[in-house]
Amino acid sequence: MDSPHEKVLMRRRKEIQMSNKIKALEDDLVVERVHELMAEGKASATGGWQLSNIVNTIGEEFGAAQSVLAFQYIVDSYG
């Protein structure tokens with residue numbers, strides 16, 4: 001039989017695992033959106049995308065923390 005303390009720890013571990021899964025899903029959505037914005041930029045009249053525009057859009061849509069992820073993703077992938 002689990003003690004009350006062990007039950008709390010088990011519940012907390014499950015919460016952390018769920019939080020990590022949600023974070024990973026959100027990161028995937030951000031990366032997908034980055035690719036969408038790049039494609040939109042390439043298809044536009046200017047024929048290209050700008051890092052600052054993508055990062056700003058991600059920040060507006062997902063929040064400042066995710067704009068950092070978008071910036072780092074683009075720099076790591078295309079830098």
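What is the relative accessible area of Gly-47, and does that place the residue as buried, partly exposed or exposed?

Tutor: The model is a predicted one, in which local features need pLDDT of at least 70 and side-chain atom pairs count only at pLDDT 80 or more, while totals for chains, interfaces and linings use all residues. Residues are numbered from 1 along each chain as its sequence is written, and side-chain values use heavy atoms, with hydrogens and water left out.

Gly-47 has a relative accessible area of 47%, so it is partly exposed (buried is under 20%, exposed over 50%, partly exposed in between, with a 1.4 Å probe and protein chains only). The residue sits in the loop that joins α1 to α2 (helices are DSSP runs of H or I of at least four residues, numbered from the N terminus). Apart from residues up to four places away in sequence, Gly-47 touches Gly-41 and Lys-42 (contact is heavy atoms within 4.5 Å).

Helix α1 covers residues 4-43, and its axis lies 10 Å from that of α2, at an angle of about 135° (axes are lines fitted to C-alpha atoms, for helices over the stretch in contact, with angles from 0 to 180 degrees between N-to-C directions). That angle makes α1 oblique to α2 (under 35 degrees is roughly parallel, over 145 roughly antiparallel, 65 to 115 roughly perpendicular, and the rest oblique). On the α1 side, Leu-29, Val-30, Arg-33, Val-34, Leu-37 and Met-38 take part, meeting Ile-54, Thr-57, Ile-58, Glu-61 and Phe-62 of α2. By class, this contact of α1 with α2 has eight nonpolar residues, one polar and two charged (Ala, Val, Leu, Ile, Met, Phe, Trp, Tyr, Cys and Pro are nonpolar, Asp, Glu, Lys and Arg charged, and the others, Gly among them, polar).

Arg-33, a residue of helix α1, is buried, with a relative accessible area of 17%. Setting aside neighbours within four places in sequence, Arg-33 is in contact with Glu-40, Thr-57, Ile-58, Glu-61 and Phe-62.

Next come α2 and α3. Helix α2 spans residues 51-62 and helix α3 residues 64-78; their axes come within 7 Å and cross at roughly 150°. At that angle α2 is roughly antiparallel to α3. Here Leu-51, Ile-54, Val-55, Ile-58, Gly-59 and Phe-62 of α2 meet Ala-64, Gln-66, Ser-67, Ala-70, Phe-71 and Ile-74 of α3. The residues of the contact of α2 with α3 divide into nine nonpolar, three polar and no charged. Ser-67, which belongs to helix α3, has a relative accessible area of 11% and is buried. Beyond its neighbours within four places in sequence, Ser-67 is in contact with Val-55, Ile-58 and Gly-59.

That leaves α1 and α3, whose axes come within 10 Å and cross at roughly 60°. Lys-23, Glu-26, Asp-27, Val-30, Val-31, Val-34, His-35 and Met-38 in α1 meet a set in α3 made up of Gln-66, Leu-69, Ala-70, Tyr-73, Ile-74 and Tyr-78. The contact of α1 with α3 holds nine nonpolar, two polar and three charged residues.

Now the core. Val-30, Val-34, Leu-37, Met-38, Ile-54, Ile-58, Ala-70 and Ile-74 are the eight residues of the largest nonpolar core (a set of buried Ala, Val, Leu, Ile, Met, Phe, Trp, Tyr and Cys residues joined through side-chain atoms within 4.5 Å). At least two of its residues come from each of α1, α2 and α3, and α1 gives the largest share, four residues.

Gly-79 lies in the segment after α3 and is exposed, with a relative accessible area of 91%. Between the C-alpha atoms of Gly-79 and Val-55 there are 14 Å, and the two residues are 24 residues apart in sequence.

Last, His-5, in helix α1, is exposed at 55% relative accessibility. Its C-alpha atom is separated by 37 Å from that of Ala-64, 59 residues apart from His-5 along the chain.
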